[in-house]
Amino acid sequence: MGLSELGQCIEHYVAESSKYRLFPYISGDEKYSELDSIAEVISENTPTVRWEREVRVAGRVMALRIHGALAFADLVNEGYRIQLYLTKDALKESYDWFTDNVRRGDILWAKGKLFRTRRGELSINVSQYSLLAKSLIALQHTWIGIEDPELRYRKRYLDLVLNKESFEVLKARFNILKEIRLRMYQQGFYEADTPIIQPIYGGAAANPFKTFVNAFSEEWYLRIAPELYLKRLLVGGFNKVFEVAKVFRNEDIDVTHHPEFTMMEAYIAYANYEDMMELAEELIHSIAVKLVGSSIIRYPIDIEKCGRGVIDEMDDDVVAELLEYTLWSYSGFRKKQGVSKSDLDEFKKDPVGYLYKAVGEPRLYVELDLKPPYPKVKLLELLKEHLGIDPDTAPDEHLIKLLEEKQVVLKGGYSRDIALVKLFEHYIEKSLVKPVFVIDYPKGSSPLAKPHRADPRLVERFELFIGGMEIANGYTEQNNPYEQYIAFRDQEERRRLGDVEAQEADYDFVEALCVGMPPAGGIGIGVDRLIMLFTGKTSIKEVMPFPMVKKRFK
RNA sequence: GGGCCCGUAGCUCAGCCUGGUAGAGCGGCGGGCUUUUAACCCGUAGGUCCCGGGUUCAAAUCCCGGCGGGCCCGCCA
């Protein structure tokens with residue numbers, strides 16, 4: 001909509017509002033507290049909805065079918081739909097007002113008795129109704145919806161009204177956020193709220209958003225992580241803290257990255273990284289059980305990136321079933337077609353080519369069992385297994401050559417530890433489809449983690465991968481102020497050498513450690529990516545309420 | 001930063017290759033219709049073909065540049 005169309009919308013309002021009130025105040029039966037939930041009404045026989053009494057509902061009219069002196073309207077509220085049945089016999093002149101004035105998109109209140117139509121559909125025989133809000137813009141039929149991604153992201157409210165799938169995804173998001181908080185509360189965590197505007201940005205490696213604090217005449221930053229403040233709370237005496245934190249990284253947008261995203265960080269005093277792995281797997285499992293009622297989810301995996309290994313280890317009938325599900329899903333769950341033996345053979349011969357042809361991208365739904373415990377694999381062993389690199393003996397030249405093949409540039413100079421992690425990320429990460437903890441990273445890659453109790457060249461760090469995505473990252477936290485000081489110094493040196501994303505040294509944090517931080521475990525969970533897993537979405541924007549789009553009034 | 005694709009009515013799209021009157025369905029508006037559910041039937045309005053430039057007698061169509069978007073690669077430890 002351009003400015004001129006907004007003008008038309010306003011003119012439409014002025015013209016229409018002279019006839020009747022388009023946006024009345026509500027009172028009495030129309031109040032939220034007096035309404036029956038459509039979700040409960042359609043589930044029947046609930047304690048609060050009895051057949052013999054009238055129900056009172058409100059929602060948006062999403063379809064109208066007018067047959068002269070009889071009309072049907074689909075009323076939708078929070079994703080649930082019920083049919084209104086209106087007749088001239090019952091409503092007299094207010095029936096004519098309805099057919100003359102009520103349009104798709106309007107928000108309506110109605111009351112009447114439940115009954116079933118000849119076709120058997122549960123409906124409300126409306127005895128009274130009122131218009132609560134007028135839609136001045138003509139809405140689409142939901143079965144066409146809107147598909148243009150730009151329009152869907154810019155006008156998310158339209159997307160949510162018209163595309164049920166989008167509404168359900170956000171509903172899942174909010175339920176997951178709720179479940180995370182509930183689980184953390186149950187386990188005795190305090191939900192902390194630490195500063196979003198910070199004088200020094202720390203706790204991760206990323207470009208910050210800069211801002212200016214007028215009161216101090218100083219340049220500050222939007223946080224890239226809450227880590228260093230949550231750990232200060234451990235110093236201050238809290239044992240279990242977490243924060244569902246919006247964090248901000250001034251970097252590119254792609255299908256798994258967004259400048260503003262949500263991270264759940266949690267810290268436990270007198271714990272280590274093993275405890276944090278347990279926390280992660282149990283949290284994820286409980287979300288699965290709550291949300292899908294099972295520990296098994298289906299997610300569309302990029303076979304081109306992760307390799308055909310996942311397919312080869314499944315039985316043929318499982319592959320056939322998943323392929324059928326994939327085709328069905330990509331058809332918008334409309335046409336369900338069987339997969340014949342020859343289809344399956346063709347698919348197994350060239351899965352990537354087959355998928356490109358059939359669904360346009362090389363993705364196959366696979367089943368992921370989120371039931372703990374998840375296997376733990378040492379990073380260095382993965383490098384041995386996948387790349388044949390012995391971390392103790394492999395010459396640096398060999399590592400550099402492998403990195404060059406993937407066009408990876410190490411900013412801030414070569415570091416063997418960082419090179420090893422980069423190799424893992426570029427050669428192995430995408431193939432980690434089933435839940436797995438990768439553990440024990442080279443020391444130089446993680447300045448905030450505590451050295452490994454058995455091998456000082458490593459740190460006690462883990463990352464959790466599911467569906468080829470990094471979902472969580474945790475450590476046994478560094479609580480030795482001297483070692484933290486040295487690690488920050490090294491980071492500053494890397495910054496000097498051009499690694500703009502090396503961490504900024506936070507010497508006040510070192511001072512906090514000097515006061516004494518108990519040994520602790522910490523974790524950060526990428527909430528948006530977790531939501532992607534549970535909603536089957538392959539783009540982070542799809543699971544964000546209002547993803548960023550360039551400024552433009554359209 | 002590099003590559004591929006897209007931008008036409010409110011929405012979903014056809015037309016573009018091969019230049020020659022701006023199209024369909026849905027939606028809107030008007031009329032009809034008492035058990036429909038993608039209701040149906042009749043009628044009707046609706047366009048900066050993303051923007052700018054070029055080629056041409058003639059550009060939605062061909063060429064160049066830009067804007068916006070999607071996907072892939074790189075970067076994001």
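Which helices and strands each supply at least two residues of the surface near RNA strand B? They are β1 (55-67), β2 (70-77), β3 (80-87), α5 (149-154) and α17 (416-427). The model is predicted.

**Surface near RNA strand B**
- RNA strand B is surrounded by 56 residues, and the closest are Glu121, Trp143, Ala205, Glu251 and Lys541.
- Of the atoms of RNA strand B that come within 4 Å of the protein, 62% belong to sugar and phosphate.
- Helix α5 gives the most to this surface, contributing 5 residues.
- By residue class, the surface near RNA strand B has 24 charged, 19 nonpolar and 13 polar residues.

**Polar contacts with RNA strand B**
- Ile66 places a polar backbone atom 2.7 Å from a base nitrogen of RNA strand B.
- His67 has a polar side-chain atom 3.3 Å from a base nitrogen of RNA strand B.
- At His141, an N or O atom in the side chain is 3.0 Å from a phosphate oxygen of RNA strand B.

**Helix α20**
- Helix α20 spans residues 527-535 and is mostly covered, with 9 of its 9 residues buried.
- The buried residues of α20 include the charged residues Asp528 and Arg529, and also Val527, Leu530, Ile531, Met532, Leu533, Phe534 and Thr535.
- After α20 comes Gly536, which has a positive phi, near 70 degrees.

Definitions and conventions:
Residues numbered from 1 in each chain as written. Chains lettered and ligands numbered in written order. Predicted model: local features only at pLDDT ≥ 70, side-chain atom pairs only at ≥ 80, totals over all residues. Heavy atoms only, no water. Buried < 20%, exposed > 50% of the residue type's maximum accessible area, 1.4 Å probe, protein only. Helix = DSSP H or I, 4+ residues; strand = E, 2+ residues; numbered from the N terminus. Near = heavy atom within 4 Å. Polar contact = N/O pair within 3.5 Å; in protein donor to acceptor, adjacent residues only side chain to side chain.
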